[in-house]
Amino acid sequence: TPNDECTSANSVCCRPETDLTKVEFVIGDDCRGAIDTVTSTGPSPPLSPSYARLGWPVEAPPGWTGGDPLQAKITGLNTVGQSMDFTITLKQNNVCNTVEKFLYNGRFWFAAYGLLGDEFDGCCGTDTI
């Protein structure tokens, strides 16, 4: 569910013809390194994920007092106008081996970035799995 600024009229990355290039999302504190593989519909494989403590890609959830959350960043998606699908596989021998454990509070708090010609834009939103 994108934020209000993330509509096809206002944001490049929400248009179907946009090339999805990068996604950042909040993960559980114990989930650094939990991603096993990432695949996308792009012509080349995405880069390995990176992890960092960054500010919220969207407004922090009500009651959040924990400072900057841990985020995973996946770049090189390069969907090139195809489906914006990408797949993340989690390591099975990890404490964060389910989507509910991997995502912060089981919610997909994310920022997605797209490229359309020479326009680059980001969308932020939340989604419930």
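Analyst: In this predicted model, the largest nonpolar core has 19 residues, and the members that touch the most other members are Phe25, Ile27, Ile35 and Phe102. The elements that contribute two or more residues to this core are β1, β2, β4 (70–75) and β6.

Let us begin with Ile27. Leaving aside residues up to four places away in sequence, Ile27 touches Arg32, Tyr51, Leu70, Ala72, Phe102, Leu103 and Tyr104, and among these contacts is Phe102, itself one of the core residues that touch the most other members.

The structure holds 2 aromatic pairs. In one of them, the ring centres of Phe25 and Phe102 are 6.0 Å apart and the ring planes stand at 65°, and because edge-to-face pairs are those with planes over 60 degrees apart, this pair is edge-to-face. Phe25 belongs to strand β1 whereas Phe102 belongs to helix α1, so the pair ties together parts that are 77 residues apart in sequence. Both partners, Phe25 and Phe102, are buried.

Phe25 also pairs with Phe108: here the centres lie 5.6 Å apart and the planes are at 55°, so this pair is described as tilted. As Phe25 is in strand β1 and Phe108 in strand β6 (residues 107–116), the pair ties together parts that are 83 residues apart in sequence. Phe108, however, has 22% relative accessibility and therefore counts as partly exposed, given that buried means under 20%. Taken as a group, Phe25, Phe102 and Phe108 are linked by ring pairs into a cluster.

Cys31 sits in the loop between β1 (19–26) and β2 (35–40), while Cys96 sits in the loop between β5 (86–90) and α1 (99–102), so the pair ties together parts that are 65 residues apart in sequence. The torsion about the S-S bond of Cys31 and Cys96 is about -85°, and the disulfide is therefore left-handed. Cys31 and Cys96 are both buried.

Note on methods: Residues are numbered from 1 along each chain as its sequence is written. This is a predicted model: local features need pLDDT of at least 70, side-chain atom pairs count only at pLDDT 80 or more; totals for chains, interfaces and linings use all residues. Side-chain values use heavy atoms; hydrogens and water are left out. A disulfide is a pair of cysteine sulfur atoms within 2.5 Å. Helices (H or I, at least four residues) and strands (E, at least two) are DSSP runs, numbered from the N terminus. Buried means under 20% relative accessible area, exposed over 50%, partly exposed in between (1.4 Å probe, protein chains only). Rings of Phe, Tyr and Trp (its six-membered ring) pair if their centres lie within 6.5 Å; planes under 30 degrees apart count as stacked, over 60 as edge-to-face and the rest as tilted. A nonpolar core is a set of buried Ala, Val, Leu, Ile, Met, Phe, Trp, Tyr and Cys residues joined through side-chain atoms within 4.5 Å. Contact means heavy atoms within 4.5 Å.
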